[in-house]
Amino acid sequence: MMRWILGAHRLAEFIQRQGGADDQLFGGFRTSPCMDAIVTIQIGQGRNDYRFALDHAHLDRLIFWEEVFRSNGRHYGAAVYWQCLGSGHPEARIVYAA
């Protein structure tokens with residue numbers, strides 16, 4: 001799923017091909033109405049964090065309930081704040097963040 005979210009930028013297509021959003025949520029959307037994840041990438045110059053939550057939506061889709069990121073690349077050890085990419089969108093916005 002992460003490859004489709006970040007690499008191909010086609011989460012909606014992935015969900016359709018895999019049986020709909022209800023099929024991706026543990027026990028279906030009545031048991032688990034959303035899913036979330038945090039991805040951390042540690043590199044020599046610092047650390048990058050990406051956090052998102054996907055929520056079940058009408059027509060058996062998943063939409064981003066939350067999407068945020070932070071990076072301390074050149075300022076290792078400095079306080080870095082989460083940057084919000086919005087909510088309610090069907091595809092990841094992180095691919096457009098600079």
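Student: In which sense do S1 and S2 pair, and over how many bridges?

Tutor: S1 and strand S2 (residues 46-57) are antiparallel partners, joined over 10 bridges. Two strands count as paired if DSSP finds at least two bridges between them. Strands (E, at least two residues) and helices (H or I, at least four) are DSSP runs, numbered from the N terminus. Please note that this is a predicted model: local features need pLDDT of at least 70, side-chain atom pairs count only at pLDDT 80 or more, and totals for chains, interfaces and linings use all residues. Residues are numbered from 1 along each chain as its sequence is written, and side-chain values use heavy atoms, with hydrogens and water left out.

Student: What lies between S1 and S2, and which residue stands opposite Ile38?

Tutor: The two strands form a hairpin with two residues between them. Opposite Ile38 stands Arg51 in S2.

Student: In what order do the strands of the sheet come?

Tutor: The sheet is open, with four antiparallel strands in the order S1-S2-S3-S4. Strand S1 (34-43) and strand S4 (83-84) are at the edges; each has a single partner strand, so one side of each has no neighbour in the sheet.

Student: And how many bridges join the other pairs?

Tutor: S2 and S3 pair over 10 bridges, with Glu67 in S3 as the bridge partner of Phe52. Strand S3 (residues 61-71) and S4 pair over two bridges, and there Phe69 is opposite Gln83 in S4. The hairpin of S2 and S3 has three residues between the strands, and Leu59 in that hairpin takes a positive phi near 70°.

Student: Changing topic, which residues have the most contacts inside the largest nonpolar core?

Tutor: They are Ile5, Tyr50, Leu54 and Phe64, in a core of 16 residues. Helix H1 (2-8), helix H2 (11-17), S2 and S3 each give two or more residues to this core. A nonpolar core is a set of buried Ala, Val, Leu, Ile, Met, Phe, Trp, Tyr and Cys residues joined through side-chain atoms within 4.5 Å. Buried means under 20% relative accessible area, exposed over 50%, and partly exposed in between (1.4 Å probe, protein chains only).

Student: Now the salt bridges: how many are there?

Tutor: The whole structure has five salt bridges, each a side-chain nitrogen of Lys or Arg within 4 Å of a carboxyl oxygen of Asp or Glu. One of them joins Arg10 to Glu13, with the closest N and O atoms 2.8 Å apart. Arg10, Glu13 and Arg17 are linked in a network of salt bridges.

Student: What about Asp49, is it buried or exposed?

Tutor: Asp49 is buried, at 6% relative accessibility. Its side chain meets that of Arg47 in a salt bridge (3.1 Å, N to O). Arg70 also forms a salt bridge with Asp49, the closest N and O atoms being 2.9 Å apart. That pair links distant parts of the chain, with Arg70 in strand S3 and Asp49 in strand S2, 21 residues apart.
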